[in-house]
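I opened this notebook to record what I looked up in the structure.

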Amino acid sequence: MKCHKVKRLLSRMVAGEVSAELQRAITDHINLCANCRTDYEELKQEQELLLSADVPGLSPYFVTRTIARVQELARKKREAGSWLRLHWLWRFAAGLVVAIGLAVGIVIGTGLGSNGGTSADLAVLNTIPSIEELFAGGE
Amino acid sequence: MTDDLRTDSELVSSARQGDLRAFEELVRRHSAGLFAFIYRMVGNRDDAEELAQEAWVRAWQGLKGFKGKSGFKTWLFRIGINLAINFRSRRKVHEELSEIMPAGAENEPGTIYQQRVREELVKKALQGLPPAQRTALVLSVYEGLSYQEIARVMGKSVRAVDSLLVRARWGLRQILEPARKKGLI
């Protein structure tokens, strides 16, 4: 196996991502090639260095704080949902009032037309003298 | 059945119906792993906690969109990766100006000092890598994911992951070269 191919496979080897057969071939090459052996040793040292670094612990109230934040979000979402429902009810009520108003208007209007002007409103209109009556009275 | 005996997918399915207790169990189960992963990506404890919490909030908000094609942890880590990468790009200039060692560290006892030097070296080396290479390396070294799993989490091909990891290893070597010359490794 050539050096450039071995160098390319070394990171796979450190990660344990090569087959047993390939590992044997790489190891055979490393045993004979000082340059590739140095590369492999350095890669292993770097891997050990990476693994030696600890991570600080998560603060003890992380879960509580996170859940509190999620609960707050869930509550806001619920409230927003109920406000939207209320809003929808208000819109429905307003529509209903307009519809009732229109219906009442239509009923009254139709009633006036069908009574032929004999309703109280038309009776008032009938008491107003016509232009001929006004002139006749003046002579 | 108590929540801690239920599988992730059972908990996810309850949480999707609005069951906060099920979601809490998921938070309990995966927070340490998510935090450790993000910490290695951003190199700062407070930032990592903040981002981990943000990842959980986004997970809760996006739970209905989670189709379950990948595992919950994979999906969660994907959220964490996106947050950490975006966060890093905003803080790049500040991080480049930071020193290797905190003030006063040299007064600590030998082994503690050495350990702190190693931790700072690792932190600096990881932060020196481009985000995609760092992500692949952290998933490989610390999460122990196979190339195939990394490819799934990162949404890349196995070949691309291989290439990222080769470049990450060589990049790491260049960053650590001065420390190696000083005999710190």
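I took helices (H or I, at least four residues) and strands (E, at least two) as DSSP runs, numbered from the N terminus. The model is predicted, so I noted that local features need pLDDT of at least 70, side-chain atom pairs count only at pLDDT 80 or more, and totals for chains, interfaces and linings use all residues. Residues are numbered from 1 along each chain as its sequence is written, and side-chain values use heavy atoms, without hydrogens and water.

Entry on α7(B). Within α7 of chain B (residues 147-154), I listed Tyr147(B), Ile150(B), Ala151(B), Val153(B) and Met154(B) as buried (under 20% relative accessible area; exposed is over 50%, partly exposed in between; 1.4 Å probe, protein chains only). These buried residues line one face of the helix, because they fall within an arc of 165 degrees seen down the axis of α7(B) (the arc of the directions from the helix axis to the C-beta atoms).

Entry on cysteines. I found 0 disulfides over all chains, a disulfide being a pair of cysteine sulfur atoms within 2.5 Å. The sulfur of Cys3(A) has its closest cysteine sulfur in Cys33(A), at 3.7 Å, too far for a bond. Cys36(A) is likewise in no disulfide, with the sulfur of Cys33(A) as the nearest, 3.6 Å away. Cys3(A) is partly exposed at 32% relative accessible area, whereas Cys36(A) is buried at 0%.

Entry on confidence. I read a mean pLDDT of 83 for chain A, with 79% of the residues at 70 or above; pLDDT is the predictor's confidence in each residue, from 0 to 100.

Technical notes. Chains are lettered from A and ligands numbered from 1 in the order in which they are written.
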